Amino acid sequence: MSSKPVISAHQLNHYFGKGELRKQALFDINLEIYPGEIVIMTGPSGSGKTTLLSLMGGLRSVQEGSLTILEQEMCGASKRKMIQVRKQIGYIFQAHNLLTFLTAKQNVRMSLELHPDYLEKDMDAIATEMLQAVGLGDRVDYYADSLSGGQKQRVAIARALASRPKIVLADEPTAALDKKSGRDVVEIMQRLAKEQGCTILLVTHDNRILDIADRIIHMEDGRLAAASYS
Ligand SMILES: Nc1ncnc2c1ncn2[C@@H]1O[C@H](COP(=O)(O)OP(=O)(O)OP(=O)(O)O)[C@@H](O)[C@H]1O
């Protein structure tokens with residue numbers, strides 16, 4: 001591929017605990033992820049997927065090796081730099097983390113308020129447009145509490161993508177959903193990512209959604225096993 005990777009890891013290691021209890025969770029991770037790619041990460045429980053995802057999201061400090069996110073080196077990065085990088089990433093988690101006392105639109109709008117360039121714009125209109133894009137045009141003013149699991153997850157997608165981030169990280173986005181809702185949710189993510197040219201890195205145990213990936217990577221005991229192209 002000719003374009004520069006949006007995420008690039010070289011000899012990345014990670015440890016938890018101190019002294020005798022220190023345990024290595026990631027071993028020599030080498031990985032490059034390119035603009036517009038949809039990469040799915042699979043692997044057994046405890047293999048290090050969430051640890052790697054949180055490093056790649058600037059949510060955890062890099063201890064050893066090199067990790068660049070959007071051309072910023074994260075090893076030794078200051079808190080300020082980590083926060084700068086985080087603002088350019090959309091996050092979707094299993095437990096959607098919506099604020100239940102806000103409406104769908106207010107939840108999406110909140111993510112725009114973090115970006116100075118959106119403060120001048122009609123954030124309500126942008127939030128509404130994103131909710132329409134995920135098929136929730138008729139639920140814009142509903143409180144998050146009153147939506148179904150699949151609808152909440154679609155609000156979480158709208159929230160993650162509203163500011164048009166270059167990278168979206170998703171940890172088990174379909175885990176709490178039935179088959180049909182799970183499928184809908186990933187297809188919406190796939191369509192929006194392709195439209196916006198954003199990269200998606202998604203961790204899942206859900207074999208039914210592997211086909212949306214451009215590339216599948218597999219973690220095993222803290223190491224990246226064989227990568228395959230679908
Ligand atoms: N905060 C922590 N403190 C200590 N050990 C941790 C911590 N977080 C993760 N670990 C350990 O690091 C290893 C990798 O965990 P991680 O959560 O990254 O795996 P995972 O592949 O995401 O698992 P799952 O699929 O169950 O979510 C595990 O052995 C886990 O026990």
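Predicted model: local features only at pLDDT ≥ 70, side-chain atom pairs only at ≥ 80, totals over all residues.
Author: Local features need pLDDT of at least 70 and side-chain atom pairs pLDDT 80 or more, while totals for chains, interfaces and linings use all residues. Residues are numbered from 1 along each chain as its sequence is written.

Reader: Why is Val85 called buried?
Author: A residue is buried if 20 or more other C-beta atoms lie within 10 Å of its own, exposed if 12 or fewer, and partly exposed in between, with C-beta atoms placed from the backbone. Val85 has 20 other C-beta atoms within 10 Å, so Val85 is buried.

Reader: Where is Val85, and in which helix?
Author: Val85 is in helix H2, residues 79–86. Helices here are DSSP runs of H or I with at least four residues, strands are runs of E with at least two, and both are numbered from the N terminus.

Reader: What does Val85 touch, not counting residues up to four places away in sequence?
Author: Gly58, Ile69, Leu70 and Gln72. Contact means that the C-beta atoms of two residues, placed from the backbone, lie within 7 Å.

Reader: Why are H3 and H6 called roughly parallel?
Author: The axes of H3 (residues 104–112) and H6 (residues 149–161) cross at roughly 30° and come within 8 Å. Axes are lines fitted to C-alpha atoms, for helices over the stretch in contact, and angles run from 0 to 180 degrees between N-to-C directions. Angles under 35 degrees count as roughly parallel, over 145 as roughly antiparallel, 65 to 115 as roughly perpendicular and the rest as oblique. H3 and H6 are therefore roughly parallel to each other.

Reader: Which residues of H3 and H6 meet?
Author: On the H3 side they are Ala104, Asn107, Val108 and Ser111, and on the H6 side Val155, Ala158 and Arg159. This contact divides into four nonpolar, two polar and one charged residue. Ala, Val, Leu, Ile, Met, Phe, Trp, Tyr, Cys and Pro count as nonpolar, Asp, Glu, Lys and Arg as charged, and the others, Gly among them, as polar.

Reader: What makes Glu172 partly exposed?
Author: Glu172 has 19 C-beta neighbours inside 10 Å, and therefore counts as partly exposed. Glu172 lies in the loop between strand S7 (167–171) and helix H7 (179–196). Its phi is near 50°, a positive value in a residue other than glycine.

Reader: Why does Asp221 count as partly exposed?
Author: Because Asp221 has 14 C-beta neighbours inside 10 Å, it counts as partly exposed. Asp221 sits in the loop between strand S9 (215–220) and strand S10 (223–229).
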